[in-house]
Every structure is written in structure tokens, then in C-alpha cells.
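I opened the notebook to record what I looked up in this structure. The entries follow the order in which I checked things.

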Amino acid sequence: MTADTHPGQLGAWLRRERERRRWSRAEMARRLIKAAGENDDYSMPGANDVIHNLYRWERGTVAPGERYRMYFCRALGMTPDQFGALEDDADVTYLEFKGPVTVSITVRDDGAQVSVTSHPGPPAG
């Protein structure tokens, strides 16, 4: 089972993989840029722009495109089949509550909480 079914699940997975390695977003950005360079892709945006994208991807606002997925695989040391793979292929429930603050919770079928993320909701207006 992969997290590709919902951008929020993939975002939670990306954040969990980064945090599991104890990398900051700046370090993850550096490694993505390095992976691109190793693939002779020198058209990557600067580190600050990649960090901004990481925030968006991890919040589940948008999902990374194929190009970035390839660089995530290289940076994280995994194959494309492993990208977004949920632990132990466990059934996972993804819940998202939107309001002044958006809270996303991912829970495995055995009750183990996989991740909780929160970020400001859309501006009131």
C-alpha cells in the first residue's frame, strides 16, 4: 500500500521519512539538489525554493511531481517502488480536520499513530 492515494498521506510519509533521518528541511533540500546534480539536472531551483516546496509537499497541499519523486528516491536511498510505501503495508486511516488550523492524523489499523501534522488553515475572509 502506498501513500499516493492522497496528497496528505504522501505528505505525512515524506515528513516522517525526513524526520526519521533527523534531517531539517534545509538538509533535505540540499540532498534533493545534490541528487538532481548527480542526474545531470542543473535546472533545480535554489535551496530556499526547494524548502518552500517541502513545506507544501509535507502539508499535503500538493504532491511532488515525477522529477522530484526520482530525486527523493535517490536522496532517501530507496527504489521507486518504495517511495510512499506505508510501513508493513498496514491498513491506514487518514483523517484531516480543516478550520482555523488544519490537523492531519494518520493511524494504522493496529491503532498505532503514524503521524500528526498541523498547519494554519486558509485565511478567513
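Entry 1. I looked up tryptophan 57 and tyrosine 68 and found both of them buried. The model is a predicted one, and I keep that in mind for every value below.

Entry 2. I turned to tryptophan 13 and phenylalanine 83, and this pair of residues is buried as well. I then went back to the rings of tryptophan 57 and tyrosine 68: their centres are 4.8 Å apart and their planes stand at 55°, so I wrote the pair down as tilted.

Entry 3. Which residues form the aromatic cluster? I listed Trp13, Trp57, Tyr68, Phe72 and Phe83, which form one cluster.

Entry 4. I checked helix 1, residues 7-20, next. Its 14 residues reach 20 Å from the first C-alpha to the last, close to the 20 Å expected at 1.5 Å a residue. Is helix 1 mostly covered or mostly uncovered? I found it mostly covered, with ten of the 14 residues buried. Among the buried ones are Gly8, Leu10, Trp13, Leu14 and Arg16. Just after helix 1, arginine 22 has a positive phi of about 60°.

Entry 5. At what angle do helix 2 and helix 4 pack? I read about 105° between helix 2 (residues 25-38) and helix 4 (residues 66-76), and their axes are 8 Å apart. Angles of 65 to 115 degrees count as roughly perpendicular, so helix 2 is roughly perpendicular to helix 4. On the helix 2 side I listed Met28, Arg31, Leu32, Ala35, Ala36 and Glu38 as making the contact. On the helix 4 side I listed Tyr68, Tyr71, Phe72, Arg74, Ala75 and Leu76. I sorted the residues of this contact by kind: nine are nonpolar, none is polar and three are charged.

Technical notes: Residues numbered from 1 in each chain as written. Predicted model: local features only at pLDDT ≥ 70, side-chain atom pairs only at ≥ 80, totals over all residues. Heavy atoms only, no water. Axes fitted to C-alpha atoms, helices over the stretch in contact; angles between N-to-C directions. Helix = DSSP H or I, 4+ residues; strand = E, 2+ residues; numbered from the N terminus. Parallel < 35°, antiparallel > 145°, perpendicular 65-115°, else oblique. Contact = heavy atoms within 4.5 Å. Nonpolar A, V, L, I, M, F, W, Y, C, P; charged D, E, K, R; others polar. Expected span 1.5 Å × (residues − 1). Buried < 20%, exposed > 50% of the residue type's maximum accessible area, 1.4 Å probe, protein only. Phe/Tyr/Trp six-rings, centres within 6.5 Å; stacked < 30°, edge-to-face > 60°.
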